[in-house]
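Here is a short report for someone meeting this structure for the first time. Keep the sequence and the view open while you read.

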Amino acid sequence: MKLSIAHNVPLADLTTFHIGGEAKEFVEVRSESELSEAIEYAKSNDLPVVILGGGSNVLVSDKGVTGLVVKISILGIGVVEKTDSVLVRAGAGEVFDSLVRQTVEAGWWGLENLSSIPGLVGATPVQNVGAYGVEVADLIDEVKVYDLKDSVYKILTAAECDFGYRDSLFKKTSGRYIVTEVVYRLKKVGDPNIKYADLKNLFGDDNPTLLQVREAVITIRSKKFPDWSMVGTAGSFFKNPIIEKSLAEALSRKYETMPMYDTENGLVKIPLGFVLDKVLHLKGYENDKVSTFKNQALVIVAKRGAKASEVEVFANDIADRVLVETGISIEWEVTKIS
Ligand code: NAP
């Protein structure tokens with residue numbers, strides 16, 4: 001065993017919430033062979049494996065984690081050029097926004113609307129990260145994973161990843177797969193995707209360059225999201241709900257200005273930020289150390305010293321208010337780790 005396993009490692013500062021207890025056992029892996037070793041160790045010691053990437057979408061329990069926490073730091077970026085497209089292979093531990101910047105600088109289209117999203121490459125297929133009309137499901141060619149059930153590495157096609165809105169096979173079978181590498185298919189020639197209002201308002205009829213789209217997204221997000229280096233947060237805490245048409249129609253009669261977006265399967269997507277802000281007036285709502293962000297109520301912010309239990313109570317309170325007022329049952333986008 002070459003890997004050194006650390007004990008009683010504080011996890012709070014390995015997450016952007018800066019909340020939570022210790023990992024009973026902890027290891028950082030930099031290659032697939034190290035990951036295999038870590039898994040062997042966990043199996044022989046009968047420990048559940050808990051994966052940690054950039055820690056930007058998790059809430060660690062105050063009691064910490066009793067299993068083996070494996071921090072994925074597998075790096076490496078490789079490129080295969082095709083006639084019209086480029087296959088970009090990235091290790092799960094690469095910083096996603098750094099990858100986006102590099103692809104934009106290289107002139108490859110696809111990831112630019114996903115600028116400024118925190119976290120690592122390995123998390124992108126798990127929650128099918130998306131923003132401004134683009135989601136990684138549109139761009140992923142294949143994903144390499146370790147399958148803890150069959151104890152082998154596998155390459156999954158995009159279809160096999162079973163992507164949905166902020167959802168995937170990896171979420172549906174939580175704990176089974178560990179992403180080690182993602183291959184994105186980008187275009188050598190492309191068109192800017194500026195159909196979302198924030199970008200449309202900015203560019204109007206202009207035809208922005210790749211770099212202009214990236215810079216615009218960075219500017220827009222910097223106004224809506226807090227400075228991650230200053231406060232504890234995991235960004236958007238809840239998913240935007242997708243609801244039955246009948247409920248959407250009832251809500252649009254009650255709240256005439258509520259934006260609604262039809263989805264491909266006949267359901268309707270509701271911007272939860274609107275519900276929290278304009279319907280429930282919860283923008284900046286505060287309970288001791290936990291609050292919603294003053295510029296975007298979908299974002300929960302925690303002061304230093306806040307407990308995971310306080311965030312949970314706060315989030316459940318918000319979810320209850322949404323349910324009572326609108327009949328919509330909302331879900332966490334953030335994953336709880338314990
Ligand atoms: P926003 O742009 O105000 O959008 C709010 C909601 O309305 C989202 O559900 C968005 O869908 C939907 N929407 C807006 N314009 C739309 C259009 N033209 N067609 C279809 N749906 C439309 O949201 P925001 O909170 O300021 O966030 C900005 C972007 O970052 C959004 O796309 C949001 O989803 C994304 N984001 C993603 C994550 C993540 O992947 N974990 C976290 C934070 C924010 P979509 O959600 O499908 O875009």
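## Start with Ala90

Leaving out residues up to four places away in sequence, Ala90 is in contact with Gly76, Ile77, Leu99, Val121, Thr180, Glu181 and Val182. The model is a predicted one. Ala90 sits in strand 7. Its relative accessibility is 0%, so Ala90 counts as buried. Gly119 is 29 residues away from Ala90 in sequence, and the two C-alpha atoms are 13 Å apart in space.

## Helix 2 and its cover

One of the contacts of Ala90 is Leu99. Leu99 belongs to helix 2, where Phe96, Ser98, Val100, Thr103 and Val104 are buried as well. What lies over these buried residues? The cover includes strand 6 (77-81), strand 7 (85-91), helix 3, strand 12 and helix 6. After helix 2 comes Gly107, with a positive phi near 90°.

## The cores

The largest nonpolar core has 56 residues. Which of its members touch the most others? They are Leu68, Phe96, Leu111, Leu114 and Tyr184. Strand 12 (residues 177-187) supplies the largest share of this core, six residues.

In soluble globular proteins, nonpolar side chains tend to be buried together.

Now look at Phe96 in detail. Setting aside residues up to four places away in sequence, Phe96 touches Leu111, Leu114, Ile117, Gly119, Leu120, Val121, Thr124, Val136 and Tyr184. Leu111, Leu114 and Tyr184 were named above with Phe96 as core members that touch the most others.

Leu35 has its place in helix 1 (residues 32-44). With a relative accessibility of 0%, which is under 20%, Leu35 counts as buried. Beyond residues up to four places away in sequence, Leu35 touches Val29, Val70, Ile72, Tyr146, Tyr153, Ile178 and Thr180. Thr180 is also among the contacts of Ala90. Met260 is 225 residues from Leu35 in sequence and 44 Å from it in space, C-alpha to C-alpha.

Ser168 lies in a loop, between strand 11 (152-157) and helix 4 (169-172). Is Ser168 buried or exposed? Its relative accessible area is 0%, so Ser168 is buried. The side chain of Ser168 reaches the backbone oxygen of Pro125 at 3.3 Å. Pro125 is also one of the residues that Ser168 touches; the others are Val126, Cys161, Asp162 and Phe163, not counting residues up to four places away in sequence.

## Two loop residues with positive phi

Ser116 is not a glycine, yet its phi is positive, near 70°. It lies in the loop between helix 2 (96-106) and helix 3 (123-126). Ser116 has 27% relative accessibility, so it counts as partly exposed.

His281 is not a glycine either, and its phi is positive at about 55°. The loop that holds His281 runs between helix 8 (272-279) and strand 17 (286-287). How does His281 count by accessibility? At 61%, which is over 50%, His281 counts as exposed.

## Around the ligand

Now turn to the ligand. The shell around it has 18 residues, and Tyr165, Arg166, Lys224, Lys269 and Glu333 come nearest. By class, eight residues of the shell are nonpolar, five are polar and five are charged.

| Side chain | Ligand atom | Distance |
|---|---|---|
| Arg166 | oxygen | 2.8 Å |
| Tyr261 | nitrogen | 3.3 Å |
| Gln296 | oxygen | 2.8 Å |

How much of the ligand does the protein bury? Taken alone, the ligand exposes 800 Å², and the protein buries 83% of that. Two elements give two or more residues each to the shell: strand 8 (130-131) and helix 6 (210-224).

Notes
Residues are numbered from 1 along each chain as its sequence is written. This is a predicted model: local features need pLDDT of at least 70, side-chain atom pairs count only at pLDDT 80 or more; totals for chains, interfaces and linings use all residues. Side-chain values use heavy atoms; hydrogens and water are left out. A residue is near a molecule or strand if one of its heavy atoms lies within 4 Å of it. A polar contact is a pair of N or O atoms within 3.5 Å; within protein, one must be able to donate a hydrogen and the other to accept it, and residues adjacent in sequence count only if both atoms are side-chain atoms. Accessible areas come from the Shrake-Rupley method with a 1.4 Å probe; for residues, only the protein chains shown count as cover. Helices (H or I, at least four residues) and strands (E, at least two) are DSSP runs, numbered from the N terminus. Ala, Val, Leu, Ile, Met, Phe, Trp, Tyr, Cys and Pro count as nonpolar, Asp, Glu, Lys and Arg as charged, and the others, Gly among them, as polar. A nonpolar core is a set of buried Ala, Val, Leu, Ile, Met, Phe, Trp, Tyr and Cys residues joined through side-chain atoms within 4.5 Å. Buried means under 20% relative accessible area, exposed over 50%, partly exposed in between (1.4 Å probe, protein chains only). Contact means heavy atoms within 4.5 Å.
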